[in-house]
Amino acid sequence: MDTYPITEARNKLGALARQVSAEQKRIALSDRGQIMAVLISPAELKELEYHRVNAE
């Protein structure tokens with residue numbers, strides 16, 4: 001998983017979003033060295049939600 005500081009990711013958000021969607025890749029966003037969020041593809045989100053619902 002690639003990690004980008006939030007300040008850098010802000011300038012590349014469109015390209016990062018397209019990369020996540022096209023390559024089914026995860027990209028972490030960090031602030032002061034700590035991961036604050038992770039970009040995932042809509043397909044991966046759907047799969048995670050499916051598994052969460054079935055686990056309940």
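Colleague: Buried means under 20% relative accessible area, exposed means over 50%, and partly exposed is in between (1.4 Å probe, protein chains only). Which of these is Lys12?

Modeller: Lys12 is partly exposed, at a relative accessible area of 35%. This is a predicted model, in which local features need pLDDT of at least 70 and side-chain atom pairs count only at pLDDT 80 or more, while totals for chains, interfaces and linings use all residues. Residues are numbered from 1 along each chain as its sequence is written, and side-chain values use heavy atoms, with hydrogens and water left out.

Colleague: What does the side chain of Lys12 meet?

Modeller: The side chain of Glu8, in a salt bridge of 2.9 Å, N to O. A salt bridge here is a side-chain nitrogen of Lys or Arg within 4 Å of a carboxyl oxygen of Asp or Glu. Lys12 and Glu8 are 4 residues apart in helix 1, which separates them by about one helical turn. Glu8 is partly exposed too, with a relative accessible area of 32%.

Colleague: Why would two such side chains pair at all?

Modeller: Side chains of opposite charge can pair when their charged atoms come close.

Colleague: How many salt bridges are there?

Modeller: The structure holds 3. One of them joins the side chains of Lys25 and Asp2, at 2.7 Å from N to O. Lys25 is in the loop between helix 1 (6-23) and strand 2 (27-31), and Asp2 is in strand 1 (residues 2-5), so this pair ties together parts 23 residues apart in sequence.

Colleague: Are Lys25 and Asp2 buried, exposed or in between?

Modeller: Lys25 counts as partly exposed at 22% relative accessibility. Asp2 is also partly exposed, with a relative accessible area of 30%.

Colleague: What about Glu44, which residue does its side chain meet?

Modeller: Arg26, in a salt bridge of 2.5 Å, N to O. Glu44 sits in helix 2 (residues 42-55) and Arg26 in the loop between helix 1 and strand 2, so the pair ties together parts 18 residues apart in sequence. Glu44 is buried, with a relative accessible area of 13%, whereas Arg26 is partly exposed at 43%.

Colleague: Changing topic. In what order do the elements of the chain run?

Modeller: From the N terminus on, they run β-α-β-β-α. That comes to 2 helices and 3 strands; helices (H or I, at least four residues) and strands (E, at least two) are DSSP runs, numbered from the N terminus.

Colleague: Is the chain compact or spread out?

Modeller: The radius of gyration is 13 Å, well over the 10 Å that the globule rule gives for 56 residues, so the chain is more spread out than a compact globule. The radius is taken over C-alpha atoms, and the rule is 2.2 Å times the number of residues to the power 0.38. Along the principal axes, the C-alpha atoms fill a box of roughly 35 × 25 × 15 Å. Buried residues make up 18% of the 56 residues.

Colleague: Back to that loop between helix 1 and strand 2. What is the phi of Gln24 there?

Modeller: Near 50°, a positive value in a residue other than glycine. Most residues other than glycine have a negative phi. Gln24 is partly exposed, with a relative accessible area of 46%.

Colleague: And where does Arg32 lie?

Modeller: In the loop between strand 2 and strand 3 (34-39). Arg32 has a positive phi of about 55° although it is not a glycine. At 83% relative accessibility, Arg32 counts as exposed.
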